[in-house]
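Here is a short tour of one protein model, written to be read with the structure open beside it.

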Amino acid sequence: MLTRRELIRLGGLVGLATGASLLAACAPGAPAAPTQAPPPAPTAAPSKPTTAPAAPTAAPAAPTAPAAVAAKPTAAPQPAATTPTGTLTIAQGVDAESMDPYVTTSGASKGMLWTIYDKMVARDLDLAIKPSLATAWKTLDDNTWELTLRQGVSFHNGEPFNADSVKFSFARFVDPSVKNGYATLLKPVTDVQIVDPYTVRIKTSEPFAELIETLASYVEMLPPRAAADPAAVARAPIGTGPYKFVSWTPNDRFIVQAAGPHFSGQPRLQQVVFRPIPDATARINELKSGGVDIITNVPPLQIGGLQGSPGINLLRATNSGSIILIPSFQNTDVFNTKEARQAMQYAIDKDQLIKVVLRGEATPMLSPFPKGVAGGYVDALPQYTYDPDKAKALLRQAGMPDGFSVNFKAPDGRYLQDKQVAEAIAGQLEKVGIKAELETIEWSTYVQGIVGRKYELFLLSQGGLQVGPAVQTNWSSKIKGIAWQGYTNPAVDELIDTASKQVDAQKRSATYEQLMKTAWDDSPWIFLYHQQDIYAVGSRVKNFRPTSEAIVAMGDTTVSG
């Protein structure tokens, strides 16, 4: 619990609650070493995107990935089979929002469902793009991608994976009846053509440079017959992944079990159980008692007690997302002037939030995206340092010398110390005349408010490894994606549109850098920090490795005993 002196330093907050965090999110700082490092991932020199036919043995390099793995034109030899053993139990702060992968939004949900579903391409634990259900990809011309599909793969219900599965999944992803908040990411796709059972051509209305990157995070492959019934998808998900669905009891547990041999060499575990436990102290007690094996979002204030606990290891990974405040431009008019938004930037003491509330377990945002994201991170931007006098002056320029009032929403248990951070921010804003009336909300309900654009100001993690999808869903008034809250800037729209069509990675990165400079000044977000994802791992767990994607990936994880 924070001391009274610390509360005063953070803005004179009163009644800070005791106790112990959406949309996805490389970041400064390297992840801590895992309990046992896996062997290095194979690498290959990335090939440059081109409008001419590419060699079938190499995939275009992803501009934001650390490296690209060469894609093979035919199915790779199957890894040596492993015998799945043991049950791994993971406690997270939140539950899944749905079993339908096209409806879920949070990294916590995705991590659960990605045990069941495969995508066309995937990221390894080092975040490099690698083949998955697509073994090779190339551009035939500016508006045509050709993907070679992996053969010999079946869904858990016995349906074969083939070109029909791809065509069906793409169509369902954008089907308005599904209400997929990310459907706009496939806006350039006009057709999925079946060349033969294991080759598809994706036709686009314009160059779609970031298609492969988009497929690394979206468009999980579904079985056409079983998934024709939307209720069936939500009730019993069926994929081609290493684990198959067993059961989901909302707010209690989600269970999957080994599905048999998988082309990735997994699974290594017989069963995986995800348990939503919002209260961090309860998660810690479950770990200490042996009720769970891994817990997420360890509160910084409780790290000291865990470090002395026998058989418990702490692991960290810097989250690739950015913790921000998103103002609404349609539910209130107080944010219609740039000066009002910039006033909030200067009114929040990020260094004190990090030092006191987060106990150093974060780094301040220096750019709209973290270091390591090509085009998303820009060096030497003018910084919004804590300056309450400047904040007040900007409020006067905005015509609000006495400040303003705004409804402020935040989750409780989704991010590291999210409730406490929001309370501290409300106290800091009040010192310059901004009365942020805070309400914390359970995650699944919270997400619905964001998607429904019901809030005036709210806390969220955005950004991540892919600049294109993030800026389209947040800042483009042409696309109006899932996290867009009414922000309109013609210059920003034009830069987003231009970058999305630039096949040349260097030109696209340069356009994104200009976009970052424009957005940093215009402040569609209130920029805060990149948090450390802190995991506590029990003694039964071997080879677990956290990633910057904010999901619990199985990788080579095993359990003993």
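How many bridges join β6 to strand β7, and in which direction do the two strands run? In this predicted model, 6 bridges join β6 to β7 (residues 199-204), and the two run antiparallel. The link between β6 and β7 is a hairpin that passes through 2 residues. Two of the pairings can be picked out by eye: Ile194 stands opposite Val200 of β7, and Asp196 has Thr199 of β7 as its bridge partner.

Now step back to the sheet as a whole. β6 and β7 belong to an open sheet of 4 strands, in the order β4-β5-β7-β6, with antiparallel pairing. Because β4 (134-141) and β6 (189-196) each have a single partner strand, they stand at the edges, and one side of each is left without a neighbour in the sheet. On average, neighbouring strands here are turned by 20 degrees against each other, direction ignored. As a reminder, strands of a sheet pair through backbone hydrogen bonds, either parallel or antiparallel.

A helix accompanies this sheet. Helix α3 (residues 163-174) lies across β5 (144-149), β6 and β7, and α3 runs at about 170 degrees to β6.

Helix α14 (residues 490-501) packs against helix α15 (residues 505-522) at an angle of about 165 degrees, and their axes are 9 Å apart. Since angles over 145 degrees count as roughly antiparallel, α14 and α15 are therefore roughly antiparallel to each other. The crossing of α14 past α15 is left-handed. These residues make the contact:

| Helix | Residues in the contact |
|---|---|
| α14 | Val492, Leu495, Ile496, Thr498, Ala499, Ser500 |
| α15 | Arg508, Thr511, Tyr512, Gln514, Leu515, Thr518 |

Sorted by class, the contact of α14 with α15 comprises 6 nonpolar, 5 polar and 1 charged residues.

Finally, how far does the predictor's confidence reach? The protein has an average pLDDT of 85, and 85% of the residues score at least 70. Residues 1-80 are another matter: pLDDT stays under 50 there, and the model has 206 contacts beyond four places in sequence for this stretch. Where pLDDT is low, the predicted coordinates should not be read in detail.

Note on methods: Residues numbered from 1 in each chain as written. Predicted model: local features only at pLDDT ≥ 70, side-chain atom pairs only at ≥ 80, totals over all residues. Heavy atoms only, no water. Pairing = 2+ DSSP bridges. Axes fitted to C-alpha atoms, helices over the stretch in contact; angles between N-to-C directions. Contact = heavy atoms within 4.5 Å. Parallel < 35°, antiparallel > 145°, perpendicular 65-115°, else oblique. Left-handed = near helix turned anticlockwise from the far one by under 90°. Nonpolar A, V, L, I, M, F, W, Y, C, P; charged D, E, K, R; others polar. pLDDT = per-residue confidence, 0-100.
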